[in-house]
Amino acid sequence: MRFDEYVRLDGLGLAEAVRRGEVTPAELAALARGAIAHDPLHLNAVIADLAPRARAQLAHGVAMGGPFPGVPFLIKDLVTPMAGVPATAGSRSCKDYVPVADAPIVARWEAAGLVLLGKTNTPEFGLLPVTAPVLFGPTRNPWRPTLNTGGSSGGSAAAVAAGWVPLAYGNDGGGSIRIPASLCGLFGFKPSVGRNAWENLEEIWNGAVTSSALTRSVRDAAAYLDWIAGSTPGYDAADPPAGSLLAASRRAPPRLRVALSLDAGALMPVSAEARAAALAMAERLRGLGHEVVEAAPAIDWLRLFRGFSAVVCAYTREDARRVATLTGVPLEQLDLELATRYLVASGLAIDARRRALADAAWAEARRAMADFHARYPVWLTPVAAFDCLNHDAYQLRPLEALFARVALALGIAPLLYRDALVDHAVRRELGRIPFTPIANITGAPSMSVPGYRTPDGLPVGALLGAAPGEDALLFSLAGELEAAAPWRDSYPFLQDHGND
């Protein structure tokens, strides 16, 4: 198989080629490894090579009973420990930490037939929607390397968008799959809470975190989630969902009433191109016979995101404590980026009162969204307030950095955790991504769907969400959208590489 043939097939297509004997898993691995090594755009997407593990997999023989026998796969370097492989979480504090055991999901990947080739770049602790950790540097967008992929699953998104692998692992606590999917022209699905609990992710951030795969096709994402559904002993999960998401992606959805929202409480203006992507999706939905009306849920966005910020600060401090325990380095001496150090210190300010206020805001949002989805089964918004990101988009400004250093040096960061300062930070930071965290807070499914291009050719996704448990409904809609306006043959690498 030539590389131009390899990149035109999705994961299920490559798996069928393996089953038919048209290509071997070793040949597919060689094609993927060659592309990763070549990297003429210097994407900086893969930060760890799993060659010994891949060779052992191939020598033993890949599992043929799963959906992806022999298909190359990459893994975001966050909350996915693998025995003998550094688990950095994008942080200098973890650069020398090497786990001694695999996460339970690793065996599930191998049982699917996936060949594990490497780990991908992520911001420190997955905290930012831009992938530019100090440890490894920024991951560049294959569509335009001067721009970032978004985050926190930015390395995985770049690798799939570049054609290196057809799918790659990502996780999502506030948009970390859907934001890079939007900026890289991929399909990014965040499943309902409880659908897959192989990693215990849902114990993080008050149950906001879950995982999936970034893909170029809808059916790859569906087949992946079908395989991953369920849990291992000791992991809390909902009952396995009835029916197959892959089957759902192949059947037409009912005629849907879709709510379109183009802003979220005016925390920050939404860019013209992000709005255009949502409006273009609205027209596609109308063309397919769905009703689209402008409506928004009754949510106090500032109060909700103030609570979200409190949860993130509290859990970031706990993350740092775990790192200190794992590495044997005292918490105060961990080599953390400045913004992370400030979050860790601010975690001390999250007392019982602030946690109770956060919990109340989350509960109110869940009730508001339940009422909203009773009237509108699907919610359409921009993915983010921006349509592209520079590598330094989330760097602290000089005065902010000075303020943080002084507060940390004086030990007063917790004392400065006051509503006025928190609200300023929420407006500036979460105001850029007001739409994606709602699904994390409510446990609902949500997806970034490609299809729109800016006048200068950059992809921008649109965000579609549904009520908790309605994953199959979204996959039916995604399959319909993909069939009506396919996007899989539009990636730059399909036009540029010829038959090399």
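**Note on the predicted model: salt bridges, sheet, helices and surface**

1. With a relative accessibility of 24%, Glu110 counts as partly exposed, a class that lies between buried (under 20% relative accessible area) and exposed (over 50%), as judged with a 1.4 Å probe and protein chains only. Glu110 forms a salt bridge with Arg53, and the closest N and O atoms of the two are 3.2 Å apart. This pair links distant parts of the chain, since Glu110 belongs to helix 5 (residues 104–111) and Arg53 to helix 4 (residues 51–60), 57 residues apart. Helices (H or I, at least four residues) and strands (E, at least two) are taken as DSSP runs and numbered from the N terminus.

2. On the basis of the note: this is a predicted model, in which local features need pLDDT of at least 70 and side-chain atom pairs count only at pLDDT 80 or more, while totals for chains, interfaces and linings use all residues. Residues are numbered from 1 along each chain as its sequence is written, and side-chain values use heavy atoms, with hydrogens and water left out.

3. The count of salt bridges comes to 25, where a salt bridge is a side-chain nitrogen of Lys or Arg within 4 Å of a carboxyl oxygen of Asp or Glu. One of them joins the side chains of Arg178 and Asp172 at 2.9 Å, N to O, and both of these residues are buried. Arg2, Asp4 and Glu5, for their part, are linked in a network of salt bridges.

4. Glu283 and Arg286 also form a salt bridge, with the closest N and O atoms 2.6 Å apart. Both residues lie in helix 10 (residues 272–287), three residues apart, which is about one turn of the helix. An α-helix has 3.6 residues a turn, so residues three or four places apart point the same way. Arg286 counts as partly exposed, because its relative accessibility is 36%.

5. Eleven strands form an open sheet with mixed pairing, in the order 1-3-2-6-9-7-14-15-13-11-12; two strands are taken to pair if DSSP finds at least two bridges between them. Strand 1 (46–49) and strand 12 (291–294) stand at the edges with a single partner strand each, so one side of each has no neighbour in the sheet. Within the sheet, strand 2 (residues 72–76) and strand 6 (residues 167–172) run parallel and are joined by two bridges, and Leu74 stands opposite Ala168 in strand 6.

6. Helix 17 (residues 471–484) has 14 residues, which at 1.5 Å a residue should span 20 Å, and its end C-alpha atoms are 20 Å apart, which agrees; the expected span is 1.5 Å times one less than the number of residues. Helix 17 is mostly covered, with eleven of its 14 residues buried, among them Asp471, Phe475, Gly479 and Glu482.

7. Arg317 is placed in helix 11 (residues 301–327) and counts as buried, because its relative accessibility is 12%. From C-alpha to C-alpha, Arg317 and Ala229 are 30 Å apart in space, and they are 88 residues apart in sequence.

8. Leu410, in helix 14 (residues 398–410), counts as exposed at 59% relative accessibility. Together with Leu399, Leu402 and Val406, Leu410 makes a nonpolar surface patch of about 430 Å². Patches are made of residues with over 30% relative accessible area and no salt bridge, with like charges joined within 9 Å and nonpolar side chains (Val, Leu, Ile, Met, Phe, Trp, Tyr) within 5 Å; the areas come from the Shrake-Rupley method with a 1.4 Å probe, and for residues only the protein chains shown count as cover.
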